[in-house]
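Let us walk through this structure together, one step at a time. Keep the sequence and the 3D view at hand as you read.

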2 protein chains.
Amino acid sequence: MEQYVFGVDLGGTTVKLGLFRHNSALVSKWEIPTRTQNHGEHILADIAASMKAKLQEMDISPEQVTGAGLGVPGAVLQDRIVKPCVNLDGWGGNVAGELSRLCGLPVKAVNDANAAALGEMWRGSGAGFENVVFVTIGTGVGGGIIVGGKLLSGVHGAGGEIGHIKVRANEPDACGCGKHGCLEQYASATGVVREANRLLAGDEPSALRAKEKVTAKDVFDCAKAGDALAMEVVNIFGEDMGKALACVSCVCDPDVFVIGGGVSAAGQIILDVVKASFCKHAFPAAEETRFELASLGNDAGICGAAKLILG
Amino acid sequence: MEQYVFGVDLGGTTVKLGLFRHNSALVSKWEIPTRTQNHGEHILADIAASMKAKLQEMDISPEQVTGAGLGVPGAVLQDRIVKPCVNLDGWGGNVAGELSRLCGLPVKAVNDANAAALGEMWRGSGAGFENVVFVTIGTGVGGGIIVGGKLLSGVHGAGGEIGHIKVRANEPDACGCGKHGCLEQYASATGVVREANRLLAGDEPSALRAKEKVTAKDVFDCAKAGDALAMEVVNIFGEDMGKALACVSCVCDPDVFVIGGGVSAAGQIILDVVKASFCKHAFPAAEETRFELASLGNDAGICGAAKLILG
């Protein structure tokens, strides 16, 4: 009898769901809207109903499903408890227990960046390695750390919070976390735009001046087209990110850093500037560490959530 | 039949040895000199002979001994291979295989800071926890990281190299590793003396001016006695160390940081300044992380080496 597992990736706008065979084949993937209102009171019931409907549609009995992994945009304790999620109207609590009750399956919860890390190790750019650090660069900077094939989630919910490694002193502005000088303040999409605007306040010519509102994509596009100011911003991004990953390497010394998230769509230029800075700052033995772009895109979350159940 | 295990801690001057029962009791500990000459060609034979003599002296048959753990002052790959050790005249190679051949026991090698980390987790200040970061502050700064009760040794020999986390930008002097701005350049005994001399070049009064040659111990002693300049040096030490441990926490988020090594003899003042800086820089969820002084002193190495065999 074929066995299956669900991978669910809960985001602020949509819930992505995937049904996998135990042999790792992705059988079906789909999305439903995330109803965040009233502290997300409908979220888990919507997910349970959608999983049930999929099994009926595909004529798979619930007994053939061994469990569901649930990636969430927040801190997770003991594979079950989710701290209130800011972008889900404060939704949280023992979500694994609650979803398990609703769908009748074993459920484990996991932070979304950790899920993506597991996904990339299982089926993406980290495949073949057991020691993988996944970095997701979007509005913020997230991380997922895998040591010996297992997620390193930490004791207080701070494990893999790469975006909050201090990379600069004397930062007057506070990070979202309340502290100052965090990587996320500089090497995120938001940080790149901030740095570009800072340089654009000077009088150096740049193609970026033609943009009404500069985006991180504009900065990387202009840099690739040879714009000196944009390249300076990209180099600053690489310097901060490489320095932080050199710190990560002094702790867990992975086989490979896998870089994903919206900003990583800029491609090879990201690897080039990050690796250059990494080699400048890393402990010499670690200079040969590999750097790869993530390859699963939006599927990383559902894959990793499923992998959490497969073990 | 009672079972035993050896824990061996190889240093540049002496080899410390311990014989433990499997129930964790330390039966005997002793030392022999380290003969470093000629790339340390006598080291392993001396260790094997000393272990054999101890078994005869105590009337224990070799069959009662399940193995020997060997802590070494250098990078270790796959529990066996040691990269050439600078302070052992370039000694290295497959030392676990060689010692095993000489003494007829299973042998595992481990970096000395990692051994101390295991020891403190087993019988010292980290007892009762499975996620422990051990920091040793002496001439340099070393580290050992334990996640889920297991050593995190890394892929390239950079795992736990906490002393080489970058904490300052624009450092003109090179660290021993060849890079610039490493924690070890500031928050080691050497670094504390360097910082004290830097401040003493000014004209602020200080009891340290009465010393012919300032040591790190002088700095901590004077700070505890109320000397303002010495306290400034101690605060700078705490700032750099706390910032680096905040980075460590953003990666592996341990239960407890255990601080050992010669400098930690200064006591509570170390915990006070390091923890203050840590809380300033750490991801908020991690602010409650515990800080403890190491409690095993020079025995940490033999204990951890033995624990490596006990598993």
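Two strands count as paired if DSSP finds at least two bridges between them. Helices (H or I, at least four residues) and strands (E, at least two) are themselves DSSP runs, numbered from the N terminus. What you see is a predicted model, in which local features need pLDDT of at least 70 and side-chain atom pairs count only at pLDDT 80 or more, while totals for chains, interfaces and linings use all residues. Residues are numbered from 1 along each chain as its sequence is written, chains are lettered from A and ligands numbered from 1 in the order in which they are written, and side-chain values use heavy atoms, with hydrogens and water left out.

Strands of a sheet pair through backbone hydrogen bonds, either parallel or antiparallel. Strand β1 (residues 4–10) of chain A pairs with β4(A) in the parallel sense, over 5 bridges, and here A:F6 has A:A68 as its bridge partner. Strand β8 (residues 107–111) of chain A also pairs with β4(A) in the parallel sense, over 5 bridges; look for A:G69, which stands opposite A:K108 in β8(A). Is β4(A) mostly enclosed or open? Of its 8 residues, 7 are buried, so β4(A) is largely enclosed by the rest of the structure. Buried here means under 20% relative accessible area, exposed means over 50%, and partly exposed lies in between (1.4 Å probe, protein chains only).

Now move to another sheet of chain A, an open one of 5 strands with mixed pairing and the order β11-β10-β9-β12-β13. Its edge strands are β11 (150–151) and β13 (290–293) of chain A, each pairing on one side only. Strand β10 (residues 141–147) of chain A meets β11(A) in the antiparallel sense over 2 bridges, with A:L151 in β11(A) as the bridge partner of A:I146. Helix α7 (residues 228–252) of chain A packs on this sheet and touches β9 (132–137), β10, β12 (256–260) and β13 of chain A, where contact means heavy atoms within 4.5 Å. The direction of helix α7 makes about 155 degrees with that of β9(A). Helix α8 (residues 268–281) of chain A lies across β12 and β13 of chain A, at about 155 degrees to β13(A). For such angles, axes are lines fitted to C-alpha atoms, for helices over the stretch in contact, and the angles run from 0 to 180 degrees between N-to-C directions.

Next come the charged side chains. A:K217 is exposed at 59% relative accessibility, while A:D221 is partly exposed at 33%.

In chain B, the side chains of B:D299 and B:K29 meet in a salt bridge (2.7 Å, N to O). That pair links distant parts of the chain, 270 residues apart: B:D299 lies in the loop between β13 (290–293) and α9 (300–310) of chain B, and B:K29 in strand β3 (residues 26–33) of chain B.

Finally, how do the chains relate? A rotation of 180 degrees with 0.0 Å of shift along its axis superposes chain B on chain A (RMSD 0.0 Å), which is the relation of a two-fold axis. The superposition is by least squares on the C-alpha atoms of residues with pLDDT of at least 70 in both copies. The same surface serves both copies, as 100% of the contact residues of chain B recur in chain A.

Methods:
A salt bridge is a side-chain nitrogen of Lys or Arg within 4 Å of a carboxyl oxygen of Asp or Glu.
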